[in-house]
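Please keep the structure open while I talk.

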Amino acid sequence: MNFFRKFTVIHVLIIPCCVVNYVTPEDNLDIPSIAKYFNTKGRYEEVNPHLLKDILAVNTSILQPPSAQCQPFHLTAIIRHGTRYPTSKNAKEMQHLYNMVLHNATGEESWLREIQSQWRMWYTEDMDGRLVQKGVEDHKHLAIRLSKLFPSLISEEKLRGGFIKFITSSKHRCVNSTLSFKAGLTELWAITDQDFDHAINDSVMRFFDHCTRYVQDVDNKTSALSEINKFRQGPEMRRVTEKMADRLGVQYSLITQDMADAAFDLCAYEFAIKAVNSPWCQLFDEEDAKVIEYASDLREYWKRGYGYDINSKSSCILFHDVFNRLNKAASENKSGQQVTEAVTVQVGHADTLLPLLTLLGFFKDNVSLNSSNYATQTQRSFRTSHMLPYAANLLLVLYDCGAGELRLQALLNEKPVTFPGLSDQQASMPRYEDVKDNYSELLQGCDFETECQLFKSPA
């Protein structure tokens, strides 16, 4: 099957549905008190709040190479798509909740009257997770910031010369995010006389669809998510739904866990897409939000993260794709050749990034997340609200520090992260050879075809 195709120009489709109140960072945003708990539906600005004052702000001091002699010569950027509309499933669940509130809620609060008399359900199933205007801006702004962080790599000369490559998932929100990233650069440099190709490669950017063992043993297996289901039926989540019922003035039996999720999603989408503090947000206090965040983290942990070995091993093909590219750039640099891919931009999904971050060992807690340890996991590292907002990005930057010494820096969401397992003083920018030694077992093995065969149950 051929998953690799080239495209030149695709028009961005933004579905008109209402007047979207897209607010610029200079405006005084009314931010919901629970915004920092929105998991994978959170804004990038909640992870980097300094961007609220200046969406193009960068801090080059975060790069901190061990000497001034260190110069970057290659950047691989693996980026999640920008802010999107709800999926068809999300929209259907939110419509169901809205109908219930319209016909059954009896509370007297002003925010509830606003929902019942003024707010209108404008999300439709045909939006199907498409990129919104805010998502376009997410990637345009990210492109400009990265060009400021790495001006010798992301430059007009490099772009025009074909040294910046673009790869994307086939999903419309990813293709349109890729187009938006490119537009950020072409508009920055006022390039109107040249188009820049991108390649669609689902085998690398949507590997999870093609790993048979993952699909059968985790993705399509209800029992694989038993910890999530137990937590959703447990006392913490039951208290959330009861409080929600009390606020709406309805019987407890009318509010299901799915309805609580739908209301939380409505609050998150209204804020991410329209930059408004929706009346739907009033259904939750901070403790409720923490519980719902944990439920979502449990799902990501067991479905894409450390819960099962195959979750991360399904990303072996992306892991090798990245390191093959780093090795090629290192070899070209060492031999004095021009590095043929100064920058590679790969646009995918939260489900692309999380298994790779897990395979690399980032954000691993000493104790697994499960249905019974919510109270002891308040300080957990595995928190998708911090890791995977819209436009989340993992940057891997190779530096030449002279005398044949190459170093590799990792940044997540434009902030340095330390490679797990490396304890030297330069762990945030270790020697490239030390990084390869650290991941030697994966580099020598981690074969996608072997890992994804149906020969064992998840463990």
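The structure, which is a predicted model, holds four disulfides. If we number the bonded cysteines in sequence order, the pairing reads 1-6, 2-8, 3-4, 5-7.

Let me begin with C70 and C401, whose sulfur atoms lie 2.0 Å apart in a disulfide. The torsion about their S-S bond is about 115 degrees, so this link is right-handed. Because C70 sits in the loop between helix 1 and strand 2, and C401 in the loop between strand 6 and strand 7, the pair ties together parts that are 331 residues apart in sequence. Both cysteines are buried.

C211 and C452 form another disulfide, with 2.1 Å between the sulfur atoms, and here the torsion of -100 degrees goes with a left-handed link. C211 is in the loop between helix 7 and helix 8, whereas C452 is in the segment after helix 19, 241 residues apart. C211 counts as buried at 0% relative accessibility, and C452 counts as buried at 5%.

C267 is joined to C281, S to S 2.0 Å, and a torsion of about 100 degrees makes that disulfide right-handed. Since C267 lies in helix 11 and C281 in the loop between helix 11 and helix 12, this pair bridges parts 14 residues apart.

Helix 11 also meets helix 10: their axes come within 10 Å and cross at roughly 70 degrees, which makes the two helices roughly perpendicular. The contact involves M237, T241 and M244 of helix 10, together with residues of helix 11 including M259 and D261.

How values were computed: Residues are numbered from 1 along each chain as its sequence is written. This is a predicted model: local features need pLDDT of at least 70, side-chain atom pairs count only at pLDDT 80 or more; totals for chains, interfaces and linings use all residues. Side-chain values use heavy atoms; hydrogens and water are left out. Axes are lines fitted to C-alpha atoms, for helices over the stretch in contact, and angles run from 0 to 180 degrees between N-to-C directions. Helices (H or I, at least four residues) and strands (E, at least two) are DSSP runs, numbered from the N terminus. Angles under 35 degrees count as roughly parallel, over 145 as roughly antiparallel, 65 to 115 as roughly perpendicular and the rest as oblique. Contact means heavy atoms within 4.5 Å. A disulfide is a pair of cysteine sulfur atoms within 2.5 Å. Buried means under 20% relative accessible area, exposed over 50%, partly exposed in between (1.4 Å probe, protein chains only).
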